[in-house]
Amino acid sequence: MANLRPHLLTGGGGVTTVQGPTAGRRRLRTALRAAREHAKLTQEHVAEAMDWSLSKLIRIETGRVSVSTNDVRALLNLYRIDGTTEAEELIALARLARQKPWWQEARSAIPAHYAQYIGLESEASAMSCFQSSVMPGLAQTPDYARAVITHRTPGQVRPEEVDARIEVRMRRKSEILGREDPPQFDIILDEAVLRRVIGGTKVHREQLEHLVSLAAAPNITIQIVPFSAGATTSAGSFVILGFPDEADGDVVYLESALLENFLERPMETAPYHEEFAWLRSGALSELDSIAFIEKVAGEL
């Protein structure tokens, strides 16, 4: 069984480097799928042997649902790898993946894709964000966030849900940017983000001033792509999330008013790394960007 580790825990990082339930679920789903394939079993065969619906196994292998430690043990027995070190690591991953995250209490007020993103974001060690229309969520003030939420969902969200979403957004900031080892956070904004007044002049000016204060943090860079740079990108707004263990590949989150999507395969994420580098090449320097933000704020 010594040759199983490359199939189960890619990179040999084990469980100790997995930081939270979302990363644990990602690692577990990949390992369980690899274990099944190593055993040369089809999804249909496993579902029948476990007396499950095929859809249940598919949801487990795609990470859309958590899986109990008992079910993991049964799968590992079917795959004939129970009792190994690798099997114990997978059971530990299953326990980790079922831990309740801090945003669990607000799940009823936030969309499922948003909850999934928060989980990934909370365990990332690096984030590269491009926004073409509004400030990134982690950079928003409470008043700006309220204006964005109520403008994008007028009449669709109850006042208490708006409050819950703002509370979650602010908690995200403290949990991620305020932790002892905050991620490297690189932000590129189209000039339109600065010019588009959201929430009124006072709210927008305070938001720009907050952006300047964020840039003072050693782990945060902010750059602006000015209108004078010409066309920016047809990719829309996106965030690239990187993780501390190489076994956990990058994730790209695409967000628009009509679509939220996650890309995880290297062939899908690589173009966004290239796009971010291209945007950076046309952006103002960090110092010039901050001066530009201050100039726009002063004009309000």
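Mentor: Helices (H or I, at least four residues) and strands (E, at least two) are DSSP runs, numbered from the N terminus. This is a predicted model, in which local features need pLDDT of at least 70 and side-chain atom pairs count only at pLDDT 80 or more, while totals for chains, interfaces and linings use all residues. Residues are numbered from 1 along each chain as its sequence is written, and side-chain values use heavy atoms, with hydrogens and water left out.

Trainee: How many helices and strands are there in the protein chain?

Mentor: The protein chain has 13 helices and 6 strands.

Trainee: What pLDDT does the protein chain average?

Mentor: pLDDT is the predictor's confidence in each residue, from 0 to 100. The average for the protein chain is 84, and 88% of the residues score at least 70.

Trainee: Over which residues does pLDDT stay under 50?

Mentor: Take contact to mean heavy atoms within 4.5 Å. Residues 1-7 stay under 50, and the model has 14 contacts for them beyond four places in sequence. Residues 10-16 also stay under 50, with 10 such contacts. Where pLDDT is low, the predicted coordinates should not be read in detail.

Trainee: What share of the contacts with a separation of 6 or more comes from residues 24 or more positions apart?

Mentor: In the protein chain, that share is 74%.

Trainee: Where is the largest cavity, in terms of the residues that line it?

Mentor: On a 1 Å grid over the protein atoms alone, a cavity is a set of points where a 1.4 Å probe fits but cannot get out; lining residues have an atom within 4 Å of a point. Grid points are joined across faces, edges and corners, and a volume is the space filled by probe spheres set on the points. The structure holds 1 cavity of 30 Å³ or more, and the largest cavity has about 50 Å³ of space. Its lining consists of R25, L28, R29, L32, I60, G63, V65, S66 and V67. Helix α2 (residues 21-38) gives the most to that lining, with 4 residues.

Trainee: How do the residues of the lining divide into nonpolar, polar and charged?

Mentor: Ala, Val, Leu, Ile, Met, Phe, Trp, Tyr, Cys and Pro count as nonpolar, Asp, Glu, Lys and Arg as charged, and the others, Gly among them, as polar. The lining of the largest cavity has 5 nonpolar, 2 polar and 2 charged residues.

Trainee: Why does Y114 count as buried?

Mentor: Buried means under 20% relative accessible area, exposed over 50%, and partly exposed in between (1.4 Å probe, protein chains only). Y114 counts as buried because its relative accessibility is 10%. Y114 is in helix α7 (residues 112-122) and touches V168, R169 and R172, leaving aside residues up to four places away in sequence. Helix α7 is mostly covered, with 8 of its 11 residues buried. Over the 300 residues of the protein chain, 49% count as buried.

Trainee: Is R171 buried or partly exposed?

Mentor: R171 counts as partly exposed, because its relative accessibility is 36%. R171 lies in helix α9 (residues 159-176). R171 and W103 are 68 residues apart in sequence, with 8.6 Å between their C-alpha atoms.

Trainee: What should the 13 residues of helix α6 span?

Mentor: The expected span of a helix is 1.5 Å times one less than its number of residues. For helix α6 (residues 85-97) that gives 18 Å, and the end C-alpha atoms are 18 Å apart, which agrees. Buried residues of α6 include A87, L90 and L93.

How values were computed. 1 Å grid on protein atoms, 1.4 Å probe; cavity = no way out; pocket = protein on both sides within 12 Å on 5 of 7 lines; lining within 4 Å.
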